[in-house]
Amino acid sequence: MADVNRSHRTELQAEAARGPAAEQVRVAVLLYDGFTALDAVGPYEMLCRVPRVTVTTVAEKAGLVRNDTGELTLVAERALDSVDRADVLLVPGGSGTKATMENPVVLDWIRHIHRRSVWTTSVCTGSLILGAAGLLRGLPATTFWAGRSYLADAGAEYTPGRFVEAGKIITAAGVSAGIDMGLHLAARLSDEKVAQAMQLAVEYDPDPPFDTGSPEKAGPELQQLALQLLADAER
């Protein structure tokens with residue numbers, strides 16, 4: 001199976017080089033009640049303008065889906081039962097992670113899509129959803145810093161990094177790391193030149209005013225405050 005997936009990835013890259021007549025690459029972004037907006041939108045922005053890539057939002061039912069604060073709504077263009085296949089599956093995290101981990105309809109769909117996907121990916125605690133679907137056993141993976149210990153429950157091995165690639169599964173760390181993973185996917189689905197151009201197109205040139213973007217740098221006091229701010233903002 002690994003060789004088949006590797007061959008398919010190579011074919012996709014070859015198709016990208018052949019021009020406009022090449023087959024479209026289909027990306028499905030899963031939405032569920034309580035998803036984190038940037039987990040989904042960050043990779044979407046990196047991929048939606050890549051030649052021959054089409055991105056579709058999918059949820060258990062088509063229509064409006066609210067994010068984890070309840071103040072932002074995205075439209076799921078398709079229902080799960082209308083999407084039988086995708087080249088790339090993207091699962092975001094958010095406060096709705098736990099409920100989604102216990103939703104057999106969503107987990108069955110993820111497993112079904114994963115069987116024929118070229119890449120199965122997650123951002124933040126979306127990796128725990130992949131784990132609940134049984135896809136991370138024995139694999140290195142990453143997730144949101146406060147959820148690292150839960151990866152062991154899925155049989156995965158926490159591995160530090162903005163994103164971690166294990167075969168055809170790519171897990172990104174918390175929220176903004178999905179942008180990095182999205183650029184990595186853009187290069188894999190097209191080529192590095194296109195991915196570099198996309199980085200420029202969205203002017204992704206991080207230079208934050210603070211250096212507290214990881215728990216190790218931030219320390220215990222800011223870790224506690226960060227988790228409190230997240231909890232206070234949830235519905």
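The legends below describe close-up views of a predicted model.

**View 1. Helices H2 and H6 pack alongside one another in the predicted model, with axes that come within 8 Å.** Two packed helices are described by the angle between their axes and the distance between the axes. Helix H2 covers residues 37–47 and helix H6 covers residues 177–189, and their axes cross at roughly 30°. Because angles under 35 degrees count as roughly parallel, H2 is described as roughly parallel to H6. The crossing in which H2 passes H6 is right-handed.

**View 2. A salt bridge joins arginine 26 to aspartate 87.** The closest N and O atoms of this pair are 3.7 Å apart, which places the contact within the 4 Å cut-off for a salt bridge. Arginine 26 belongs to strand S1 (residues 25–30), whereas aspartate 87 sits in the loop between strand S5 (78–79) and strand S6 (88–91), so the pair ties together parts that are 61 residues apart in sequence. The two partners can also be described by their accessibility: arginine 26 has 32% relative accessibility and therefore counts as partly exposed, while aspartate 87, at 2% relative accessibility, counts as buried.

**View 3. Arginine 162 and aspartate 180 meet through their side chains in a salt bridge.** The N to O distance is 3.4 Å. Arginine 162 lies in the loop between strand S9 (157–158) and strand S10 (163–166), and aspartate 180 lies in helix H6, so this pair ties together parts that are 18 residues apart in sequence. With a relative accessible area of 35%, arginine 162 is partly exposed. Helix H6, which holds aspartate 180, is also the helix whose axis comes within 8 Å of that of H2.

**View 4. Aspartate 211 and lysine 217 form a salt bridge between exposed residues.** Their side chains meet with an N to O distance of 3.2 Å, and both aspartate 211 and lysine 217 are exposed, a class that requires over 50% relative accessible area. A search of the whole structure finds 9 salt bridges, among them this pair.

View 5. Leucine 225 is found in helix H9, which runs over residues 220–233. At 44% relative accessibility, leucine 225 counts as partly exposed, because that class lies between the limits of 20% for buried and 50% for exposed residues.

Note on methods:
Residues numbered from 1 in each chain as written. Predicted model: local features only at pLDDT ≥ 70, side-chain atom pairs only at ≥ 80, totals over all residues. Heavy atoms only, no water. Helix = DSSP H or I, 4+ residues; strand = E, 2+ residues; numbered from the N terminus. Buried < 20%, exposed > 50% of the residue type's maximum accessible area, 1.4 Å probe, protein only. Axes fitted to C-alpha atoms, helices over the stretch in contact; angles between N-to-C directions. Parallel < 35°, antiparallel > 145°, perpendicular 65-115°, else oblique. Left-handed = near helix turned anticlockwise from the far one by under 90°.
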